[in-house]
Amino acid sequence: MMPDNKQNVFDYDVVVVGGGPAGSTAATLLAQYGHKILLLESDRHPRFHIGESMLPFSEPVIQRLGIDWSAGNLAKSGAVFIDETTEQRMYFPLSVHRKTYQIERGPFDQLLFENAAKHGVETHQEEKVLDVSCQPQGVDIVSDKGQYRCRYLIDATGRSALTGRKGKAIQRIENLGKFAVYSHFQNIQPGEEADDLFRSGNIYVPVVDIGWIWVIPLSGRRLSVGLVVQKDRPRDCDAEALLRRYLAASPILNRLLAGAEQSAPVRVEADFSYTNQSRYGSRYACCGDAAGFLDPVFSSGVFLAFTSAARVADRVHQGLAEGREADPELHAEDDQNYLLGFNTMRLFVERFYQSNIVHNLFFEADRDPDLKAQIAQLLAGDLWVDNNTLQQSLLAGRRNVS
């Protein structure tokens, strides 16, 4: 791929492929350490993306990046799980120790990408990586616009999962959400319920017979509304008709959307959940959705992107500084921490679908303040602790955590 006399000449210390939250985070932190970084994004910012509800324990990474994520975004207080058929609901306060926000991903991802450039990262947009080759002496990368050689590769390509799919290491997680269908609405009319929603910034999660609905308030009195389908879709309608059917059947959404205008096309996302069985190796590591992706019911996507990217960046810096970036086990210890967070959320989501956790646990949580606090702790992303008995129960594999 490269001439022999250039085998030991590196264009960059690290090339990061993918300019979403994970890639921009990893690139920025490595640039802060003083490394020469190239960040390649196949699309152009701003681009639409779901995953708008942030978790409070992303805040430490946000602080390291040096950005203000409050600007133009709605402060998020907590999460409200709802069953409209029984009129049950339960509120979990999340922004108790750390703040978080409901964000619009297009501008937010652009902010992160531009922040990387401000920290000295060389950024390229609309450049698609075609192939990568991680060799003992370096990494060769071919894009549709050039060739690069670097000491290390970070795969932050999201659900494209460049290295994982190349290595046939992607394994689907069955029995979680099958697909999501969603849209945005604007000009939400004044009213007690709508005013309270925008004042609190809470995410609403109504549970329905085939899955669940998200209702995320955004700045400017807009709503992101989506239906995640876990069971087989009825054969008498397509995805868009299914969304409209469930919105029409929801009293809450009838009230919230009365007089509102749909401001975005109806979109569908499928093939939600998977793991990457080769998250790291000699001279490469994956972070964010390239390492694994979960059903979005607990809003863990961007949170896991931030935390995994920071963990990978710190370890890559150490490997580069010590000259052992080719060690295939460089990330072994950190991967255990990644799996602790990922598997906690994975098991939590599985129980959501399989054990009726909302009715058996969430709606009963007011009877047990300690349990309610433990649920809120997990929902906030405070996963790397040793005193959450609910988390310990999930990880121990007990089928009934209630």
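Predicted model: local features only at pLDDT ≥ 70, side-chain atom pairs only at ≥ 80, totals over all residues.
## Helix α1 against helix α8

Contact here means heavy atoms within 4.5 Å. From α1, the residues Pro21, Ala22, Thr25, Ala26, Leu29 and Leu30 meet a set in α8 made up of Val302, Ala305, Phe306, Ala309, Ala310, Ala313, Val316 and His317. Sorted by class, this contact holds twelve nonpolar residues and two polar ones, with no charged residues.

Now for the geometry. Helix α8 spans residues 301-322, and its axis and that of α1 come within 8 Å, crossing at roughly 30 degrees. Angles under 35 degrees count as roughly parallel, so α1 is roughly parallel to α8. The crossing of α1 past α8 is right-handed.

## Helix α1 against helix α3

Helix α1 (residues 21-32) also has helix α3 (residues 105-118) beside it: their axes come within 8 Å and cross at roughly 20 degrees. That angle makes α1 roughly parallel to α3. Here α1 passes α3 in a left-handed crossing, whereas its crossing with α8 is right-handed.

Which residues of α1 meet α3? They are Pro21, Ser24 and Thr28, and their partners in α3 are Arg105, Asp109, Leu112, Phe113, Asn115 and Ala116.

## The buried side of helix α6

Helix α6 runs over residues 239-248, and its buried residues are Ala239, Leu242, Leu243, Tyr246 and Leu247. These lie on the same side of α6, because they cover an arc of only 130 degrees around the axis.

What do the buried residues of α6 pack against? Their partners are the strands β12 (179-186), β13 (203-208), β14 (211-218), β15 (222-229) and β17 (267-270), together with helix α7 (251-257).

## Threonine 163 in helix α4

Our last stop is threonine 163, found in helix α4, which covers residues 162-166. Is threonine 163 buried or exposed? Its relative accessible area is 13%, and buried means under 20%, so threonine 163 counts as buried.

Setting aside neighbours within four places in sequence, threonine 163 is in contact with Val132, Leu153, Asp155, Tyr284 and Cys286.

Technical notes:
Residues numbered from 1 in each chain as written. Heavy atoms only, no water. Axes fitted to C-alpha atoms, helices over the stretch in contact; angles between N-to-C directions. Helix = DSSP H or I, 4+ residues; strand = E, 2+ residues; numbered from the N terminus. Parallel < 35°, antiparallel > 145°, perpendicular 65-115°, else oblique. Left-handed = near helix turned anticlockwise from the far one by under 90°. Buried < 20%, exposed > 50% of the residue type's maximum accessible area, 1.4 Å probe, protein only. Arc of directions from axis to C-beta. Nonpolar A, V, L, I, M, F, W, Y, C, P; charged D, E, K, R; others polar.
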